[in-house]
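Trainee: Could you take me through one part of this model up close? I'd like to look at the charged side chains and what they pair with.

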Amino acid sequence: MHHPTSPDPRRDGFVRVRGAREHNLKGVDVDIPRDVLAVFTGVSGSGKSSLAFGTVYAEAQRRYFESVAPYARRLIHQVGAPKVGEITGLPPAVSLQQSRSARTSRSSVGTVTTLSNSLRMLFSRAGSYPQGAERLDSDAFSPNTAAGACPECHGLGRVHRTTEQLLVPEPSLSIREGAIAAWPGAWQGKNLRDILDTLGYSVDRPWRELAQEDRDWILFTDEQPVVTVHPVRDADRIQRPYQGTYMSANRYVLKTFSDSKSQSLRAKAEKFLESTPCPACGGARLRAEALAVTFAGRTIAELARLPLARLARALDTSDTSETARVLTEDLRARIATVTELGLGYLSLDRATPTLSAGELQRLRLATQLRSGLFGVVYVLDEPSAGLHPADTESLLTVLDRLKAAGNSVFVVEHHLDVVRRADWLVDVGPLAGEHGGQVLHSGPVDGLKGVEESETARFLFDEAPAGVRHVREPRAWLTVGPVSRHNLRDVTVDVPLGAFTAVTGVSGSGKSTLIGEITEDLDGVGRLVVVDQKPIGRTPRSNLATYTGLFDVVRKVFAATDEARSRGYGVGRFSFNVAGGRCETCQGEGFVSVELLFLPSTYAPCPDCAGARYNPETLEVTYRGRNIAEVLDLTVESAAEFFAGDDAAAAVGRSLRTLLDVGLGYLRLGQPATELSGGEAQRIKLASELQRVRRGHTLYLLDEPTTGLHPADVEVLLRQLHGLVDAGHSVVVVEHDMAVVAGADWVVDMGPGGGDSGGRVVVAGPPGVVARHGGSRTAPYLRRLLGD
């Protein structure tokens, strides 16, 4: 039936986005139905995340802020609303993005899933207490509360200590020659040395000749005597006597480690500390009173150490009390959703920073499943990251359940099996950066078939098998092992050199543990390059240009211009990390940090330079018509054109070419490291490696290099990696993407399962052999691709 007026947007069941211009989106209009599984696809950098996260989720979050607190309005004004005309029909949104926020060592699998709370409740109410002990509150079983934490290590389970060997690595030196390596440099260290001299200690005898009690006092005393120091006169300057306070090396290191705001000083201090299990609690992190309580014969710390799959079995007791039965049933039901997502090998005490992004996101997903929310939009970022094809099935089941509970599930995804299962597909492209930002298709999956310019269509509907390719003959073999770590027991593996090796297996089967054992010390490795997905920097100060060394050349080019010369501007003037040329309001960050109560701190553009990072005078110097801020704003691709034909900038061209080769032409030179995804960070590291001219043999190790990559980008990356092998190097990847595995020369399949049921080599050989192996969980998926 026809209505004369347009339908009420809240009722017509669509989220309607109009005029989205966030990042590279070109005024996008798109309608996405609610209550479905909608997948956003497109090559890396095409703008799909800008649409799903930067627009839809950001707008939902802005509305939420506006509704909760008046002071949040001020913040929204500073951070800015997403650049979009309007969005109608948008329900509240929950993001489960792979956030790389600063997670502390106190955050663990148990705290993320809140399973720890339930376990503490169980111990508090149904644990068996020693005779005459009084019941403890559930807080007393948490290492993160004053009531529960072991007083010795404050609930961390480890204590940091220094030793004489660490503080004085070269005992043949005298104090004047710098025997105490842990001391600060420059005048502060000289100051401490002069104080010791004044106190009567010998600063010129080799350290090992000093009496042990003197050495102990110098390194470990807690006394801080104040003395008057008469400095030795330097011929060129007169120094007055001063009051100096002594601080022992141990005290200096511990104080720097716990108090310093500077990341680099803390890292330096950490080199002089060794961490050992706490002598009081044995690493269990709790007070003795809490560790005296057991359930099913185990302490809470012992249960927290078990893999979740075993924990569920341990809780399955015939304990008669009603309380215990109700609490254990709830716990086991919640553990079941985590094991269903293929994470049964994790234990509750596993620290969050040691988890991969994919693992963390799936943990959050499992927690959400139990939360009983309905009518919200879940926005997920590549939930299949780090998942073996065998586990992808259960992921899809879980997404279906979220949908069945009355929610909309919006997913940014590259995994074709997930894409095929979508109810609705939004394909963004056609290419990356300024060549993307348009919606090519929004509708059911099949509708993408006719879209010529879609890179996604090319792979989604390609049914032709890959066929078995000719494998390279290795020129030598590298023996790794025997390894016994985590779930690996005495495993030895042979890896071919001069070939491309893929290590496969389900989550938790031991792949990363195995390749972690490959070091430069092994015979035949030569030079080892590990290209991981860790961020290339944790602050907006490091960016693409600084990391690749490109920025040094760009600054030289600017300092060599006539204008810079006539003003006396050197290279330093064009750095945004030192005073001089930078904008002092934001100290060259281009952003100011806005701290909020109970919300993560956010960055807002600097009110003075508006993100340019430099002061107005610096920006008056131009090269080929652009100032330094404008050059940093260029994409890699446009920069390559901009610098072309300038001999002074030939080195720039080389750097830019390698970035283009790994498919990063869409990134801006000045793009802050904090805005890069793990996959992008990994490819930047690879590009930096590729631009070095290699003489000897190099072994490249990559852990899941295709995470975050569209199949079209995977092709580009593989060309590079196979190029390295053709040049005589060796490449070893841990990989779930069967397209990569099918193209390898040798496959090592770990498993068969995860955790305790993994940790063995199921089969090793060329892809064709592995694909036919009966006991391998990888084989059927590889076979489907090879078309045997």
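Mentor: Here's a walk through some of the charged side chains, one group at a time.

Keep in mind that this is a predicted model, where local features need pLDDT of at least 70, side-chain atom pairs count only at pLDDT 80 or more, and totals for chains, interfaces and linings use all residues. Residues are numbered from 1 along each chain as its sequence is written, and side-chain values use heavy atoms, with hydrogens and water left out.

Let's start with the salt bridges, where a side-chain nitrogen of Lys or Arg sits within 4 Å of a carboxyl oxygen of Asp or Glu. By that rule there are 32 of them. Take Arg-251 and Asp-222, whose side chains meet at 3.8 Å, N to O. Arg-251 belongs to helix α8 (residues 249-259), while Asp-222 is in the loop between α7 (212-220) and β7 (226-229), so this pair links distant parts of the chain, 29 residues apart. (Helices, H or I of at least four residues, and strands, E of at least two, are DSSP runs numbered from the N terminus.) As for accessibility, buried means under 20% relative accessible area, exposed over 50%, and partly exposed in between, using a 1.4 Å probe and protein chains only. Arg-251 is partly exposed because its value is 29%, and Asp-222 counts as exposed because it reaches 55%.

Another pair is Arg-472 with Asp-726, a salt bridge of 3.1 Å, N to O. Since Arg-472 is in the loop between α17 (455-460) and β14 (476-485) and Asp-726 is in helix α26 (residues 711-726), the pair ties together parts that are 254 residues apart in sequence. Asp-726 is exposed, at 58% relative accessible area.

Then there's Glu-620, which forms a salt bridge with Arg-567, with the closest N and O atoms 2.6 Å apart. Glu-620 is in the loop between β19 (599-605) and β20 (622-623), and Arg-567 is in helix α21, so parts that are 53 residues apart in sequence get tied together. Both ends are partly exposed: Glu-620 at 47% and Arg-567 at 31%. Some salt bridges also share partners, and that joins Asp-400, Lys-403, Arg-421 and Asp-423 into one network.

Next up is Glu-584, in the loop between α21 (562-567) and β18 (591-596). Glu-584 is partly exposed because its relative accessibility is 41%. The side chain of Glu-584 makes a polar contact of 3.0 Å with that of Arg-582. A polar contact is a pair of N or O atoms within 3.5 Å; within protein, one must be able to donate a hydrogen and the other to accept it, and residues adjacent in sequence count only if both atoms are side-chain atoms.

Finally, Asp-749, found in strand β24 (residues 746-751). Asp-749 is buried yet has no salt bridge, and the nearest side chain of opposite charge, Lys-511, is 8.2 Å away. (Lys and Arg count as positive, Asp and Glu as negative; His and the chain ends are not counted.) What the Asp-749 side chain does have is a polar contact of 2.7 Å with the side chain of Ser-776. Not counting residues up to four places away in sequence, Asp-749 touches several others, including Thr-504, Gly-505, Arg-760, Val-761 and Thr-778; contact here means heavy atoms within 4.5 Å.
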